[in-house]
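This briefing covers selected features of one protein model, grouped by topic. Please read it alongside the sequence and coordinates shown here.

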Amino acid sequence: MARHVALFRLSSILFAASLLVGCNLPTNLLPTLTALPEPAEKPRSDWLALADGLQWRKLLPDGDELAQMIVVRINPQKYRFRAIYRPGQPLSLSGWRKLEADANLIVNANFFDTAYKALGLVVSDGASHGSAYRDRGGTFLIRNGEAAVVASRADSLQSKEEIEQAVQGFPLLVEQGRQAYFSTTGGERTRRTLIGIDKNGNLLIIVAPFLGLPLADLSAYLPKTDLDIDTAINLDGGGSTMIAIPGADYHLPSLDPVPAILAIYPRSTGWQ
């Protein structure tokens, strides 16, 4: 796919970035931006194909460019998902891309502590790490080759030995197509990373690269879109938000290195 040149004013980008980190951000840490062509009509219905079973688009909540969200829709029948975890050995986006050069998409996953140990559960190639959340947030998992996004309840992660891949986050934002998170405290605007599943079983990776909506507002907004979301959870955001979509030449570096990612690969090539 031909590379698109982002048409954002540098001053706006620097302003947004400085708000995110509380100071002026060096320009070499700014994301490589890619503008999606703006269709003349029905902008909410247009997806751009990256490959068979892999599409992307941009959403603008209330037309707010700083709140924009990049959405990637993935057919799990055509792609494999792998959680990759390096406890205490975090990597930048460029580091992860070198490690997983064959991936069609790389996105950050779990929250983590100051020792770069993932919070919640990570399952990588059947090996379980950490302690699963109970009655908090949600889980993306692959069990018996099938992808799912589920609320983290006491019975949702039974038989963990059958889970091949998993990452967790919080809060749960959408459940059964409805708003699942409510707050009266307002909340902050910051970069966001989300994972969800639509009612047709497609996986949705969503990132807000600038000033994403507060979580309660985001929870209210997502069910109103035409994404047809069934379940969605919030993954680590802020300085951890990162995504690489090589087929679109779109790369959003994180401000901090991260120890856990989710990567996807074509089923035709697989991985060992």
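Phe-111, Tyr-133 and Phe-170 form one aromatic cluster; rings of Phe, Tyr and Trp (its six-membered ring) pair if their centres lie within 6.5 Å, with planes under 30 degrees apart counted as stacked, over 60 as edge-to-face and the rest as tilted. The model is predicted, so local features need pLDDT of at least 70 and side-chain atom pairs count only at pLDDT 80 or more, while totals for chains, interfaces and linings use all residues. Residues are numbered from 1 along each chain as its sequence is written, and side-chain values use heavy atoms, with hydrogens and water left out.

**Aromatic pairs**

- The whole structure holds 5 aromatic pairs.
- One of them joins Trp-56 and Tyr-250 edge-to-face, at 5.7 Å centre to centre and 65° between the planes.
- Trp-56 belongs to strand S2 and Tyr-250 to strand S17, so this pair ties together parts 194 residues apart in sequence; strands (E, at least two residues) and helices (H or I, at least four) are DSSP runs numbered from the N terminus.
- Both Trp-56 and Tyr-250 are buried, where buried means under 20% relative accessible area, exposed over 50%, and partly exposed in between (1.4 Å probe, protein chains only).
- Tyr-133 and Phe-170 also pair edge-to-face, with 5.5 Å centre to centre and 90° between the planes.
- This second pair links distant parts of the chain, 37 residues apart: Tyr-133 sits in the loop between strand S7 (127-129) and strand S8 (138-143), and Phe-170 in the loop between S10 and S11.
- Tyr-133 and Phe-170 are both buried.

**Loop residues and backbone**

- The peptide bond from Phe-170 to Pro-171 is cis, with omega near -5°.
- Pro-171 lies in the loop between S10 and strand S11 (172-175).
- Tyr-116, although not a glycine, has a positive phi of about 60°.
- The loop that carries Tyr-116 runs between strand S5 (105-108) and strand S6 (122-124), and Tyr-116 is partly exposed at 27% relative accessibility.
- Asp-249, another residue other than glycine, has a positive phi near 55° and is found in the loop between strand S16 (243-245) and S17.

- Ser-152 occupies the loop between strand S9 (146-151) and strand S10 (163-169).
- With a relative accessible area of 1%, Ser-152 is buried.
- The side chains of Ser-152 and Gln-168 make a polar contact of 3.3 Å; a polar contact is a pair of N or O atoms within 3.5 Å, where within protein one must be able to donate a hydrogen and the other to accept it, and residues adjacent in sequence count only if both atoms are side-chain atoms.
- Beyond its neighbours within four places in sequence, Ser-152 is in contact (heavy atoms within 4.5 Å) with residues including Tyr-133, Arg-134, Asp-135 and Gln-168.
- Gln-77 lies in the loop between strand S3 (69-74) and strand S4 (79-85) and is exposed, at 55% relative accessibility.
- Not counting residues up to four places away in sequence, Gln-77 touches Glu-146 and Arg-267.

**Strand pairing**

- Strand S1 (residues 48-51) and strand S2 (residues 54-59) pair in the antiparallel sense over 3 bridges; two strands pair if DSSP finds at least two bridges between them.
- Ala-49 stands opposite Gln-55 in S2.
- The hairpin of S1 and S2 has 2 residues between the strands, and Gly-53 in this hairpin takes a positive phi near 80°.
- An open sheet of 5 strands has the order S4-S18-S5-S16-S17, with antiparallel pairing.
- S4 and strand S17 (250-252) are the edge strands, each pairing on one side only.
- S4 pairs with strand S18 (residues 260-266) in the antiparallel sense over 7 bridges, and Arg-82 stands opposite Ala-263 in S18.

**Nonpolar cores**

- The largest nonpolar core has 36 residues, of which Val-72, Ile-74, Phe-140, Ile-205, Ile-243 and Ile-245 touch the most other members; such a core is a set of buried Ala, Val, Leu, Ile, Met, Phe, Trp, Tyr and Cys residues joined through side-chain atoms within 4.5 Å.
- S4 gives the largest share of this core, 4 residues.
- Apart from this core lies another, of 19 residues, among them Leu-59, Tyr-221, Leu-222 and Ala-232.
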